[in-house]
Amino acid sequence: MLASTPHLTLYKQAFDFALPRKMPNPFATHPHEICQLTMKQLEAQLPNPENMVKGKMFGILAVQTADGQYGFLTAYSGNSLDIESKLCFVPQVFDINHPNGFFKYEEEQLNRINREIEQLEKSDVLTCLRKQLSELKNKAEKALKQAKQNMEQGKVRRAKVRKHTRDNTVLESLIKESQTEKSRYNKLRKEYKQQLTILEDELHTHHQNIAALKQRRKQQSAKVQQQLFNSYIFSNARGEKKSAWEIFKQSGSQLPPAGTGDCAAPKLLHHAFKHNLRPVALAEFWWGPAPKTEIRQHKHFYPPCKSKCETLLGFMLQGLPLEQVPKPNRQSITLIDDDPYLAIISKPAGLLSVPGKTEEESVYKQVRCLFPDAEEPMIVHRLDMATSGLMLIAKTKAAHADLQKQFLNKTIEKQYVALLHGSLKARSGEINLPLRVDMNDRPRQLVCYTHGKPAHTKWKCIAQWQGISKVLFYPQTGRTHQLRVHAAHPDGLNAPIVGDPLYGKTHNRLMLHARQMRFRHPHTQVIKCYTLNEDEMPDWLEP
């Protein structure tokens, strides 16, 4: 079997758990036991994470052969391994790095255009023209300014003369003097304009040459991208074949992003279908140090990325029986307090704050039914779907505007309680890590000091037991996933919230709860403070 099916490793031991009859959904957050077992078997063959400069995403696909044996395939994400490993990984779907391939040739042509652009942009001629133009503009500005001042002074002087004389000869000479000064000024302005036009035309010619090269590069790059993604041919469980370009185009999605087809999941499925292997379970896990921007935990499992893999796998899994991800039971909100102007509710975990693209059930829908006469908009702020706790609901437009202003002015105080994986050394502190969305894997957030928005969190550890820390969070800003990222990131607390499938490990739920809120009532102006008592909070908040 190994000789006829390359890169396949057969399991030698019997399983003490049931294998799935249908393949688990790869985008489910909890991997099947067979994938967890396989990762443990691979650990000795992967490099020591302490010796790695950067980590990498690896993939496992448990399969069944045509004669009923079980084995697994392994892959890595990316088009180059750049680490030492004893594992026999499945090959690339398309070898982008082949020295004699079209991509290497086209890449060199694009690099040549880049070098031409760089040479033109840094050329001595261009630098000299810019300098000459700048100096001439300054010279012209000063000369014309001085000439205008002389004209104004002459005008004042002539006015004084006219005031004390009625001599026509003198008056005529003053008119001629004024005309001469205006003529001299216009001539000077014209001369400078002509000189500036000559330099600007030369500079424009150089800019046109650069723009033409950039347009040529853009067209060539688009052509290469299409050719590249037409070279990535994928099969699905029905035996159908399509290129990455066709898959994305026919799905109605935007064109494939860079790196499409080089992730572990599509490589593994492609190899399995190519060699008549039945996929049993698929999972990806991170090995080694986390990147500076993304939050990746060593040995943690993650679902395939959305931007590159969701569309591809949507095609590749067609014809393969999949286990359906069970929909969570949608619980109802709890009304804590209300008056004619606002309401305080407790949101359960698993409920959206506002309707989503495919999910209508939400806090908004429930409060709309609860308060049918309330004015829009009612939702003042949001909690993540996985987060539970206190939310403010406005019943009038004036109350909504006032409360939103309080949020914008950061006068509303919020307190969250969370359980973290890890024992914290400090008892309290502050975290400042700017955040932005991961465009390739929404809704994940990245730490980004270039384009991220400021995110500030204060925290206090109130209990610890068996490697778990109970923490109070006081967010000073309200960025998406702020507390989750600040908890998990190495430059934050380096301790992900328990049950966080995006930044930590999955559990029965995300252990994050909006416990307390303090604000000024928009009508009475009285400071209000609501706190969920211990008996009203989820059971998991105590050891």
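The crossing of helices H3 and H4 is left-handed, meaning that the near helix is turned anticlockwise from the far one by less than a right angle (clockwise would be right-handed). H3 covers residues 124–163 and H4 covers residues 168–231. Helices here are DSSP runs of H or I with at least four residues, strands are E runs of at least two, and both are numbered from the N terminus. This is a predicted model, where local features need pLDDT of at least 70, side-chain atom pairs count only at pLDDT 80 or more, and totals for chains, interfaces and linings use all residues. Residues are numbered from 1 along each chain as its sequence is written, and side-chain values use heavy atoms, without hydrogens and water.

Back to the two helices. The axes of H3 and H4 come within 10 Å and cross at roughly 165°. Axes are lines fitted to C-alpha atoms, for helices over the stretch in contact, with angles from 0 to 180 degrees between N-to-C directions. The crossing angle makes H3 roughly antiparallel to H4. The cut-offs are under 35 degrees for roughly parallel, over 145 for roughly antiparallel, 65 to 115 for roughly perpendicular, and oblique for the rest. The contact of H3 with H4 holds 22 nonpolar, seven polar and 13 charged residues. Nonpolar covers Ala, Val, Leu, Ile, Met, Phe, Trp, Tyr, Cys and Pro; charged covers Asp, Glu, Lys and Arg; the others, Gly among them, are polar.

Now take H6 (residues 264–274) and H7 (residues 306–316). Their axes come within 10 Å and cross at roughly 20°. That makes H6 roughly parallel to H7. This crossing is left-handed.

Next come the aromatic rings. Rings of Phe, Tyr and Trp (its six-membered ring) pair if their centres lie within 6.5 Å; planes under 30 degrees apart are stacked, over 60 edge-to-face, and the rest tilted. The count is 13 aromatic pairs. Phenylalanine 94 and phenylalanine 102 have ring centres 5.8 Å apart and planes at 40°, so they are tilted. Both are buried (under 20% relative accessible area; exposed is over 50%, partly exposed in between, with a 1.4 Å probe and protein chains only). Tyrosine 232 and phenylalanine 234 have centres 6.4 Å apart and planes at 20°, so this pair is stacked. Tyrosine 232 and phenylalanine 234 are also buried. Tyr11, Phe15, Phe17, Tyr70 and Phe72 form one aromatic cluster.
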